Amino acid sequence: MGKRGQKRALDSGEEVPLRSDELRPPDELPEREAAAVRVALERWRELRLRAELLRPMLEHEDRLMQDILDRGLGSEDRKTLRKLASVGARDAEAEAAQVAESVGQERQRLQEILMQNHRELLELSTTTTPDDKKELIAQMDGVLDELKKAQDAVHVELLATKDREDMSAVRAYGRSLNDLKALTRRLDCERRSLTKNSVLATLLVTVCRRILPVRRIDPNELTNIPASYEGYLRILDFYFFSDANLYCFGEHFSGPNWFTRLKRNVAILSVIDADGNCVYNNFAVSGEYKTPGAPLAPEVGPLQSIEAADENGRVFDRRHDAEFKLLTGLCGAIPPERRPSWEAAATLWSKKPLCRSCAGAVSQVEGLFPRMSVAIVVGGPKTEEDGEPEVPNGKRLKINGCPVAPSCSRP
């Protein structure tokens, strides 16, 4: 980059990346700290090579962010967007109207971009960073921590020389400390280049929720849901940007659904009879307030729920759990007189591990349907090396995330 290009970058608040020959300790750094900094910078050179392998993915992220900004959001001041995106921004109605006017006729195209790329945007705007990028960022943070330790050590020496009134040493340590801070700042800028799009995506997604209308859907169109993590993603795809006031997943209670911090459980149940026919296929969301999928289980029904603790230690009756709703729905689909001799294979997928109540409900279903096999799958797309999670009552689970039985999904 020429001097003029560097000036533009610095004027815009961006740090110019250091050349390889600039990755060296400051000249006047004490030898002990200089040795530690040299080791840290050698690690950084290696991390740079790994970061370069991510370049195509980062460039794709840049293009996606720019595509969204080009739909009328790029002309808005970031301060305005941040105010509009702030939680509970009741005083931002004027900003919302201003941004909506800027988007104007691009509104439909903006929503199409969100629809086409929402899984990628979901990954960018949440903590679900890809493992390769997450590990690289963690190792970069480790190097930056080492440089900050060196800064602290130099600062201690600087204070000591001030006490001794050794002005020559004070100036030398002062220059070393400033140079080391500048070096750390430049490297931190390189590290932020891996995460800048995540920050921007979070901002833009929140703004879009404020200015775009909800998407109208017909829940009857969601059919043949495989009892697997892929089926779970299909559910999120289908309900993306739908009205949270009508289809509540527990994250938002109004406006468009956007699944960044989905805390409630989602479960899918698929049941195939001996002739290969799909006799039951549905999903459910834990909770009782306008949750989509399977309806609430009745207070008096074929299955009995109990009180059980959630992951935060709160104890309550689990009748409104997603798994309990589905198992109750299956009981309602098969007349009692057919259950003892009815042969079938059921797969119950759950985003979260089953609680004691839902594990007990599975046991009750096995008692009501003695000739039906029940396979339980928990969590995301994992491998056998991840092991099998424990479930109350000692019930054995199939391998996480792996399909274990036929589903109602048809090619």
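I began with the contacts in the chain that have a separation of 6 or more: residues 24 or more positions apart account for 69% of them. Contact here means heavy atoms within 4.5 Å.

This is a predicted model, so I noted the limits: local features need pLDDT of at least 70, side-chain atom pairs count only at pLDDT 80 or more, and totals for chains, interfaces and linings use all residues. Residues are numbered from 1 along each chain as its sequence is written, and side-chain values use heavy atoms, with hydrogens and water left out.

I then looked up the secondary structure and found 13 helices and six strands. These are DSSP runs numbered from the N terminus, helices being H or I with at least four residues and strands E with at least two. Of the 411 residues, 47% count as buried. Buried means under 20% relative accessible area, exposed over 50%, and partly exposed in between (1.4 Å probe, protein chains only).

Next I went to helix α4, residues 78-85. Thr80, Leu81, Leu84 and Ala85 are buried there. Seen down the axis of α4, the buried residues fall within an arc of 130°, so they line one face. I take the arc from the directions between the helix axis and the C-beta atoms. That buried set packs against α3 (55-73), α5 (93-103) and α10 (196-211). Lys79 and Arg82 are exposed on the face turned away.

Last, I checked Asp67, which sits in helix α3. Asp67 is partly exposed, at 25% relative accessible area. Beyond its neighbours within four places in sequence, Asp67 contacts Arg109 and Ile113.
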